[in-house]
Structure formats: C-alpha cells, structure tokens
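Please look over the model below before reading on. My points follow, numbered.

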Number of protein chains: 2
Amino acid sequence: MVLCADEPLPLDSGARIGPVEVAYHTYGTLNADRSNAVLVCHALTGDQYAVLPHPVTGKPGWWANLIGPGKVVDTDAYFVICANVLGGCMGTTGPKSENPATGRPYMLDFPVITIGDMVRLHVRLLDHLGIDRVFAAIGGSMGGMQVLQLASAFPERVFCALPIAACARYSAQNIAFDEVGRQAIMADPEWCGGEYLLEDRVPHKGLAVARMAAHITYLSEAALTRKFGRKLQAREKIGFGFDADFEVESYLRHQGSTFVERFDANSYLYITRAMDYFDLPGEHGGNLANAFRGTPVKFCVISFTSDWLFPTRDSQAIVRALNAAAASVSFVEVQSDKGHDAFLLDEPELHDTIRGFLDGMADRAGLDLSREAR
Amino acid sequence: MVLCADEPLPLDSGARIGPVEVAYHTYGTLNADRSNAVLVCHALTGDQYAVLPHPVTGKPGWWANLIGPGKVVDTDAYFVICANVLGGCMGTTGPKSENPATGRPYMLDFPVITIGDMVRLHVRLLDHLGIDRVFAAIGGSMGGMQVLQLASAFPERVFCALPIAACARYSAQNIAFDEVGRQAIMADPEWCGGEYLLEDRVPHKGLAVARMAAHITYLSEAALTRKFGRKLQAREKIGFGFDADFEVESYLRHQGSTFVERFDANSYLYITRAMDYFDLPGEHGGNLANAFRGTPVKFCVISFTSDWLFPTRDSQAIVRALNAAAASVSFVEVQSDKGHDAFLLDEPELHDTIRGFLDGMADRAGLDLSREAR
C-alpha cells in the first residue's frame, strides 16, 4: 500500500519535501482498540518486503523467519507494519521519485535526510492508520537506530522498543566504510554526476563495489572462515589469474551483482549519509541519557558477540544511558559467530529473546491478543 | 641500486620471467665476514625507500623511525638491505616494466606471482651481494609473510627472523578485502582492461577507492575514534550534503588521492593476489609445523592487540607451529590500540622488543659489531 501525503514533511536540514509517498505492508489485523501494532523498521538495504517475497529477487522477505502466523512476531496476534524509509527506492519518496518542481526524478536534488526525518514520516503513517501508540517498535542495524529515534522523539507513540545490533551514535569507522561505498558509486562514470536516470544508465560497477565492501562488514571473520575459508571455486588448484579462484570472491561478486538489480545508487548515497549523521547523544547535549529522561518506553536492547560493525559496546552505551535515565531496560548479548547479519538469521537465542520480551510486554500492557479481540 | 639478472626466474605458477631487475637500497657497511646483513621486507604498498625519503611523496622512509645510525636497527652495526618486491612499481620488475617479448609494458601479461616468487628473487639479490646468510630478516604485514617464507624455504640463509603483524595463511576476510580493491580498480574504465599505460590513462578513482577500503583495515576502531571520532572537517555543523563533512572522510579521501600518485594499479592487483595465495601450511600438507621442521632459524613473532587484519591469533598459530617444530621462538603481543599500522609507528614496546631480540641474537651469533670488524 502507498500513503500519499500532500502536506510537506519538514526535514532536519531545514528543507521541506512534499508531497510524500510511503510504501508499506501490513500483516495481521489491527484489534478493536488499535493497541496491537508492531512497527518493523528496516535496515540500509531493506524495504517493506519484510515477509512477502521480494518483487525483484523473488527471495523470501528479509524477516520472514521472524514474522508470520505463529512465529516470533506472531501475525495472528499482532498487526505488523513495515514501511520503506524516506530516501528509499521501493516506493517511498526518494531520489528516484519525481520531483514535482521539475517533473523529472529528484536525483541529487533530493534533500539530504536524517534518521529523524525517516521516523517523522513513519509517525505520519501511524497517524494515517489511526494508531496512537504502537505496542512495539523493532528493528536491526539502521532499523534499530530508527527504533531508538522513535522512542526518543515520540515516547508516547511506543509501548516497548527493541533496537537490535544498533547504536545511538554512528562511529568514525562506520562513517569511513560508508564513505568508501559512496566514493565507489560516485567514481563510476555511469553515475553521471547523479543523473544516470536521465541518461538511461546505471552505475552497476560502483554500486556493486560499494555493496561488496559493506557486505564484508556484515559478516564476522569466523563466519567467513567457516563458510568459505580458502576453499576454491569450482577448481582443484589456484588459477594464477584474476578470475574468482576462491569461493569467497565469487560469493562477494554475486552479492554485488544481485544487489544492483534491486537498489538505486542514489538511495544508497542518501541512506548511508543519514546513518553517518545519526548522533542521538549529540542531539541531547552530548548525554544520551537526556534522550530518554522520564521515558515510559520499555526497552530490550540486543547485540551479537561477533558483530564488529555495531559491537556490543555500542549497545552497552545505550543500556547505560537508559539506566541513567531510570528507564525500563533489559539487555541481551546473543552468542553468535555470524557477525552483524545475525539479526536477519534464524538465531534461536535472538528469537527466544524477542518472543520472551514481547510476551512479557503484552502482559504488562494488558494486551488482549485473543482472536475475539480482533 | 638495481640488480639486473638475465637468467629467468622460475615462478610457482610454472612460468618463468626474465630478465629481472631488482631495485634495492642498502644502509651501513657489510662487515668483513659478511655476517651483519639485515634484510628488511616491505608490505603491500611499501618499497625500497625504508629509510630515504620517498621520491614521489618526499615523505621520510616508511621505517625511518626504526632503521638508522643508533636506531633500533642500527646502521652503524648492521648492513641493511631493502628491495622492492617482484611485481612492484618502484624499479623491480613488475607489470609496468617492459616485456622483452613485446617491447611494451607487461601489464596483464605479467605472470601472476606468489610470496615465494618474491622471496626467491630476493635470495638472488643476496647471492649477488655475496651474502650466504643474513643475520636477520624482518618485516611487517606482507613483509612478515616474506620473512616466514624465506625462513621456511631457505632456512640456511637466515640466522634470525622477525615476522611482525603477519600470518602464515591468508584468511577469507583478507581475500575478501583484496577482492573489493581489485574490483574497484577493474571497475574503473580508465583501467582500460589493464592497458591504461598504452592509452596514457590512469585508473585514479578505482585505485583510490581500493586504497580507502584497505586503509580502514589498517587502523583500529579505537584509533579512528580517538583520531577523528565524529569531528567535523572545517565546519561548525553538518553540511547536509556529500562533501566531506567529517574529518575521517577527508582523511580517507586524502589517503586515496595521494596513493594513486605513487602506486601502479596493476601492481596493486598482482601483489594483493600474491597475498591471497599465501598459504604456508597448505604448502606443507596442511601442517604449518612441517614448514619449519629442524629449522636452525630463531624466531621472534610480534603481533598487536588491536590488529584486526592480522590478529594475534594468526601470530599464535605461527608460534604453535614453531613450537611443534621444536624451533627457537619468542612471541610478543604488543599492547597498542593503533591497529595493524602499529608496525610502522613509533611504538616503544615494539621497538624495545626488536632491539632486545636483535641484541640477544647478535650475542648468540657471536657477531662482532665493533667498528673495527667493518
């Protein structure tokens, strides 16, 4: 579904953008008192296809293992909402959308946006759906940043929040990796100074290199070693050449080449920039606790032992701040050697943690999840 | 100085290359019994300018803090040799050298080489210099791999060996990062299928992206955070654009753009490939100890706590194998938060370790380092 809002959205940059469209999916049924909504926030290259197969790749939704009837986020009980972020390329207004001022795609005329802007747009979606408060907001990586931003800026709109494998302040190393990706895209002459859509060209190679570099950061060294090690790709001996000798090379090349079919290069620039700018303590006088003073939101913060992109210490900083703000918070560091991507995988400890927290919170919220209530 | 050898060098691939030139520098004086030589092996983007200022950048030699009169590697005592590796671009035969078969640069006609090939060429240089056995071989990163390969393949040519921040088997993650760099170079249309020299073009952008991605792996997250954090570049506020807002971005861009002035893109392809192929246990039936059985070489293995490119466990694997081979080995994990690049920096614990080991080994070798002996 697509929400079309005529009223311009004010942005952190001071610019305004409008009209704005939000592409979203819902699963399950909103109950009578509109109290069983779960907002699912997607990561950098995710989209609203959290459950349904992706229309380009045909692959199952990115969180189809977690969300569905009888699953951890049970669509027999909850009304699940997942929307493409502002700046995205799957239907929500982004750089490839038409700029009403020019009649051509925004491209680099799209305003630079923030995680805060993404969240404000999704609050508009909640308004449109008539949901005053979601029962839970959940997301991993950039999705977790949105969860934190939502809980901080709109504490009355969330009962409980699950930021997973996220951070409250984007690190120098993470900015550095984003910058490499952007430079790879902008180095591709097919990028055409951002105007490739007008030229009917696509910076495939640059975007693929960006994806390859980023993809390494999503995995742990242990996972790469277990999965690939030094295994050779369909050959007995090294080939003494620059073809993909090693499985890990052909895996990365595959990741790069399939990504470009489903993602817009300018969206990649804008969304990574939004992450670079994410600095919740910076927005609150340098003290993250100030972002959550007096918050009624109940938090469950989750990290993974082998995540080096958003390591456990990033989650610990969130937990410390929530404690300093006297917020209700539980924290689980999931043992996993799968790296940052563990949040997308079928990790039993992750799923048990989410299920337990949601069940407990549903009790605490007095949520009637019976079929009759819907 | 340049050694020109007419006899072709046999390569691990089965190919032969010749004639071969080796560009090298020496410092200090070889003593009468030719027993005070120290072979210094350089890393991926290093060269023979370990001490003298680099002719392109004008910057001090990459190990000028370590090597010199009265320094840790004391050129008043030792005869220091540092040669550009095979495949390099600073005078030793590499892809930009003239291919005698065609009269034009080798470019992609250059054979794919290995660390073993690099080492065999440097042993030829030792032959030329009349040095049967170097007192010490020392190197960091790929330099450390060469040290290990030399000690394994030519144990009679080395008295003691110092592999620093190195590994005996290149990991899947490291292959992955190399592959990203190569894809970035080959994605640049200025690379011209490897024949940019003929077209008078240079794949600046691709090589810069490769360098930027690699450079992140040379630093620790702690070092990036301490050095840059989220500090802004010559501005008070974020710029809501794609210029370098953050210092870490302009630092990386600078690293990329200065690198392309001094390095050949095809050399980058060949040398990273040589590293990918480095698998000393693989050469010895899967057991690294077999690479060192009965070795007379005395080892000092050094790693850094914050090095995530060649982490301490890589050095520990070397030490375990040396122990299993009953070799003489000491191991120091240097406390440093500077990451892989610590081996190039003025790290007191590193310098003390090297000095202590060399002094002890000089005693053990009965090396007369007095002025009169030279």
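How many residues does the contact take from chain B, and how many from chain A?

1. The contact takes 41 residues from chain A and 41 from chain B. Two residues are in contact if their C-beta atoms, placed from the backbone, lie within 7 Å. This is a predicted model: local features need pLDDT of at least 70, side-chain atom pairs count only at pLDDT 80 or more, and totals for chains, interfaces and linings use all residues. Residues are numbered from 1 along each chain as its sequence is written, while chains are lettered from A and ligands numbered from 1 in the order in which they are written.

2. On the chain B side, α3 (172-187), α5 (204-218), α6 (221-227), α7 (247-262) and α8 (265-276) each supply at least two residues. Helices (H or I, at least four residues) and strands (E, at least two) are DSSP runs, numbered from the N terminus. The most comes from α3(B), with eleven residues. By class, this side of chain B has 23 nonpolar, eight polar and ten charged residues. Ala, Val, Leu, Ile, Met, Phe, Trp, Tyr, Cys and Pro count as nonpolar, Asp, Glu, Lys and Arg as charged, and the others, Gly among them, as polar.

3. Now one helix pair. Helix α7 (residues 247-262) of chain A packs against α3(B) at an angle of about 50°, with the axes 9 Å apart. α7(A) is therefore oblique to α3(B). Oblique is what remains after under 35 degrees (roughly parallel), over 145 (roughly antiparallel) and 65 to 115 (roughly perpendicular). Axes are lines fitted to C-alpha atoms, for helices over the stretch in contact, and angles run from 0 to 180 degrees between N-to-C directions.

4. In this pair, A:V248, A:E249 and A:L252 meet B:A172, B:I175, B:A176 and B:E179.

5. Chain B holds an open sheet of eight strands with mixed pairing, in the order β1-β4-β8-β5-β9-β10-β11-β12. Strands pair if DSSP finds at least two bridges between them. β1 (2-5) and β12 (328-334) of chain B stand at the edges with a single partner strand each, so one side of each lacks a neighbour in the sheet. The twist averages 20° from one strand to the next.

6. Strands β10 (residues 158-164) and β11 (residues 298-304) of chain B run parallel, joined by three bridges. B:A161 stands opposite B:F299 in β11(B).
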